Amino acid sequence: MVRIIQCRAGSIERFQRKVLSSDNGVRLVDILSQSTGCRCVGRALTSLGRRLLSDRTVPNVRKRAPWTATSALSIEKYSLDGVMVDVDTATLAGALGVPVEFPADEPAVARGARLASLADVDALPPPDIARYPVVQVWVEAVRLLCAHFGNEVFIRGNCDQCPFALAALVRGMEGWPTDIMDPELEPFAHHLLDYCTEATSQFLRLMSATGAHMLSNGDSAAGPSVVSPRIYRRFALPYEQRMAALSHSLGVPYALHVCGNTKAILADLVTTGADALELDYKTDVRLAHDLMKDSTVFIGNLDPSAVVALGTPALVEAKSRELIAVFGDTGRFILNAGCAIPATAPEANIRAMVHAARSW
Ligand SMILES: [Zn+2]
């Protein structure tokens, strides 16, 4: 039986009004990633994923329940104000026919590519991601969490990859980076991005119907550690803007996650229309503060490995306080790790994060 946690903000309406509009009423809310110190999360997900993919029948709620329960337990165990519901980075790719592996204790990963040549894009069947079992599990998990917690806990329904990162998986990381450098292939690249836009849009629409308080995508393959800012602006930014606009048309705030050091595109990211940017620990928080403080919520950005997984509780608390101090003059801040927290992170370290937020 899961106890309902009182949201620090009092209610989600207050949270949304105060954090997203930043009247300094609420300083922070901690939203942690899917693997928050619970080894069981990864295990439950992957065994569930394997079972579902080998099962031709539509999964029933009993099969979905273990995964939903791990998120609910994280909320209770650590007294979180909110939770980001995320499964892996291979769900949309799998729904589009990319081969996916389900390791025993890790999130699923895409292996190989769907397209041997970018010119084959026009032969792809229309996306219909709602038929893919992992999508059904993911959406149902968020729906069950929203039904259980109502407006007491902030629930962010992540929707896997933005179009650029999804296109990279569909074409494969061996072909995509060179294809997008070839001007003759540019029309095909945009065909594939439009195709992926339809797939991601379907996920956002499905998720918006669950009652989630925020939608989000990741677009790490579009970050400066993978492609140049010029490529980002030409092939990724316009599609990120479309996803943010779609989320808004569905009546839900939108967050965007990008890995690595985002300094070179940080000013562009602010123009996506995303209500929140979740950025990795390599991003300069003072620059982010200055660029985002009047418009966009910053989510992050503790080092998930060196600090949250491998540091001491005292280090986690100190680093959390440093971040809170940087954003202390704005309500547009949510404390989190900059990227997914390894399942090996000690419980004490997660508690140290929450303590730092609670005691500020
Ligand atoms: Zn990341």
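This is a predicted model: local features need pLDDT of at least 70, side-chain atom pairs count only at pLDDT 80 or more; totals for chains, interfaces and linings use all residues.
Q: Why are helix 6 and helix 8 called roughly perpendicular to each other?
A: The axes of helix 6 (residues 163-171) and helix 8 (residues 186-208) cross at roughly 115 degrees. Angles of 65 to 115 degrees count as roughly perpendicular, and helix 6 and helix 8 are therefore given that description. Their axes come within 8 Å, and the crossing is right-handed.

Q: Which residues make the contact between helix 6 and helix 8?
A: Helix 6 brings Pro163, Phe164, Leu166, Ala167, Val170 and Arg171. From helix 8 come Leu192, Leu193, Cys196, Thr197, Ala199 and Thr200. Sorted by class, that gives 9 nonpolar, 2 polar and 1 charged.

Q: What is Leu166 in contact with, leaving aside its neighbours within four places in sequence?
A: Leu92, Ala93, Gln161, Cys196, Ala199 and Thr200. For each pair, the C-beta atoms, placed from the backbone, lie within 7 Å. Leu166 is also among the residues with the most contacts inside the largest nonpolar core, alongside Ala93, Phe164 and Val170. That core has 110 residues.

Q: How do helix 13 and helix 14 pack, and at what angle?
A: Helix 13 (residues 313-326) and helix 14 (residues 347-358) have axes 8 Å apart and pack at about 35 degrees. Helix 13 passes helix 14 in a right-handed crossing. Among the residues that meet are Val316 and Ile324 in helix 13 and Ala352 and Met353 in helix 14. By class, this contact has 8 nonpolar, 3 polar and 2 charged residues.

Conventions
Residues are numbered from 1 along each chain as its sequence is written. Axes are lines fitted to C-alpha atoms, for helices over the stretch in contact, and angles run from 0 to 180 degrees between N-to-C directions. Helices (H or I, at least four residues) and strands (E, at least two) are DSSP runs, numbered from the N terminus. Angles under 35 degrees count as roughly parallel, over 145 as roughly antiparallel, 65 to 115 as roughly perpendicular and the rest as oblique. A crossing is left-handed if the near helix is turned anticlockwise from the far one by less than a right angle, and right-handed if clockwise. Two residues are in contact if their C-beta atoms, placed from the backbone, lie within 7 Å. Ala, Val, Leu, Ile, Met, Phe, Trp, Tyr, Cys and Pro count as nonpolar, Asp, Glu, Lys and Arg as charged, and the others, Gly among them, as polar. A nonpolar core is a set of buried Ala, Val, Leu, Ile, Met, Phe, Trp, Tyr and Cys residues joined through C-beta atoms within 7 Å. A residue is buried if 20 or more other C-beta atoms lie within 10 Å of its own, exposed if 12 or fewer, and partly exposed in between; C-beta atoms are placed from the backbone.
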